[in-house]
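Please look over the model below before reading on. The notes are meant to be checked against it, point by point.

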Amino acid sequence: MPRILVLFLALWTLAVPAQADTIISAKADSVAVTVYRAPFRAKGPIDRDWPGGYALITESRTVDLPQGESVLRFEGVAEGLMPETAILSGMPRGVREKNRDARLLSPAGLVDAYLKRSVTLRRTDRKTGKVTQQDAIISAGPTGGVILKTAQGYEALGCSGLPERMLYPQKPADLSPRPTLSVIATSDRPTRATLQLTYLAEGFDWAANYVADMADDGATLDLMAWLTVANGGVTGFPDAQLSVIAGQPNKQARRAQPRPTGGPLRLQCWPMDVTSTHPRWILSPTEGPIPPLMYVAAEAEDIVVTSMRRTEGVVMAAPAPPPPPPPPEDVGDLKLYRVPVTVDVAANAQKQVALLRQPGVKVERLYAATVYGEVESQPMTLRLRLQNRKDDGLGLPMPSGRVAVFEQVQDMRLLAGEADIGDKAEGERVDYDMATSADVRIAARMKRQSRKSRDWAITLSNARPFAVTAEVTILHDISPRPADMERRGNGWIWRTTIPANDTLIWSYTERLPR
């Protein structure tokens, strides 16, 4: 009988698989972040709540793997991680399963986890300091507020006029403190492995912001571009090798995945009182006694300003200038811009780094308008034109973005205007449409019309004390075809100089389609 029992226990041990060990990788040894712009966002601001672009993130992690099967948890991955894109290399025998743990440990995550479950509601009387506790059930939340069911009925959390908070019996096992990717892997023997985790993640975006300072003569400008990178997730990436991709790769649209249930509680109450009646307090999801100064009256807040003592006769050395940005690299027909130093891509934040610096870029100032019908006298548009070539001080790919142009007026640096530009390749024309000018005007009048043609007259006037250059795009089929005009798209370009305080009139014939 004992031999049979021993044999049975041995067979049962072989039949039941050993419980897999859990290995936690708390952070990456190094990380590289390559950000792609939001598809179809050629201009306009980055969405601050949840940027519409994405990033390719490559992390290097070192882990100690036991023999056999183990669950490996990568903590601190990007919040918008797309689990189907995750590639893990360096595992001895590969990966059998991947899981994205989307529920986060936070005030909002705890409310979501304890929905329809019992918690303890603790309140403190501000006058007496008396603490009362009662059982409550979370009926609704966390979006738009939290509704509790107590012995007195239903009420909204944070709307009683007393400092209050909820106490939870324990942390739910399925809540992670940070976004986590877990995999199930197998190793033949205990080993230390250096793994590389690569994945795409939503919630990133970038934009180029140009600053142009006009020279006093108006013939050149100094062009500076800032690279603005946005990370809308809760995970930051310190000391990251940052790059951005200019252009629009063919990325298939995918269904928007739900964001992790995390973040602070946003409590809303019916406006029955004024904000100055009750002091502000802090809601905390943790247990234990309320620490001193947990709630502080709003009017008692202090603002501390620090300063450095001035030392006479001491000359402080100027900080070393940042290294110049390297030229862009080709990735197919896209452009890759690398940041030459490691930077912190902080959570829920935007980062700006220098993208390019080009002093002494040649610029042309002209006034532009388009004619496709009759036009009463109206202002023309001031346009600054750059030629993206090396002979003019540029000659490099310029990603789309917004430019702010400044001019020096006596001792003041004033904003002359802003304009949006698209992606510009080397050799392309770059136009900044700044503002309309009441001094330089255009009018178009049809003088005669027949079945086959129309006769037009365009009048340009210049009320400025110096001559200006005008460029008019005419969207008509001019007959006969002018030999001294540029054909651009579907229009003819009439380029001329308007003398100071003078008027020009040009007449032509439009051939009508048969």
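The numbered points below cover strands, ring pairs and nonpolar cores.

1. Basis. This is a predicted model, in which local features need pLDDT of at least 70 and side-chain atom pairs count only at pLDDT 80 or more, while totals for chains, interfaces and linings use all residues. Residues are numbered from 1 along each chain as its sequence is written, and side-chain values use heavy atoms, with hydrogens and water left out.

2. Strand β16. Start with β16, residues 237-246. Strands here are DSSP runs of E, at least two residues long, numbered from the N terminus. Seven of the ten residues in β16 are buried, where buried means under 20% relative accessible area with a 1.4 Å probe, protein chains only.

3. Partners of β16. Two strands pair if DSSP finds at least two bridges between them. β2 (residues 30-36) runs parallel to β16, with five bridges. Tyr-36 has Ile-245 as its bridge partner there. Phe-237 is bridged to Val-345 in β21.

4. Ring pairs. Four aromatic pairs are present in the structure. Rings of Phe, Tyr and Trp (its six-membered ring) pair if their centres lie within 6.5 Å; planes under 30 degrees apart are stacked, over 60 edge-to-face, and the rest tilted. Tyr-36 and Tyr-54 are stacked, at 4.9 Å centre to centre with 10° between the planes. The two lie 18 residues apart, Tyr-36 in β2 and Tyr-54 in β3 (residues 53-65). Both tyrosines are buried.

5. A tilted pair. Phe-204 and Phe-237 sit 6.4 Å apart, centre to centre, with 40° between the planes. This pair links β14 (residues 191-214) to β16 across 33 residues.

6. Other ring contacts. Trp-494, Trp-506 and Tyr-508 are linked by ring pairs into a cluster. Separately, Arg-413 lies over the face of Phe-406, 4.0 Å from the ring centre. The criterion for a charge over a ring is NZ of Lys or CZ of Arg within 6 Å of the ring centre and within 35 degrees of the ring normal.

7. An open sheet. Five strands form an open sheet in the order β11-β10-β9-β8-β12, with antiparallel pairing. β11 (153-156) and β12 (164-167) are the edge strands, each pairing on one side only. Four bridges join β8 (residues 118-124) to β12. One of the bridged pairs is Arg-123 with Glu-164.

8. Nonpolar cores. A core is a set of buried Ala, Val, Leu, Ile, Met, Phe, Trp, Tyr and Cys residues joined through side-chain atoms within 4.5 Å. The largest has 83 residues, and those with the most contacts inside it include Ile-57, Tyr-199 and Phe-237. β14 gives the largest share of this core, eleven residues. A second, separate core has twelve residues, among them Val-111, Ile-138, Leu-157 and Met-166.

9. Tyr-199. What does Tyr-199 touch, not counting residues up to four places away in sequence? Its contacts (heavy atoms within 4.5 Å) include Ala-55, Ile-57, Val-77, Leu-81 and Phe-237.

How values were computed
Buried means under 20% relative accessible area, exposed over 50%, partly exposed in between (1.4 Å probe, protein chains only).
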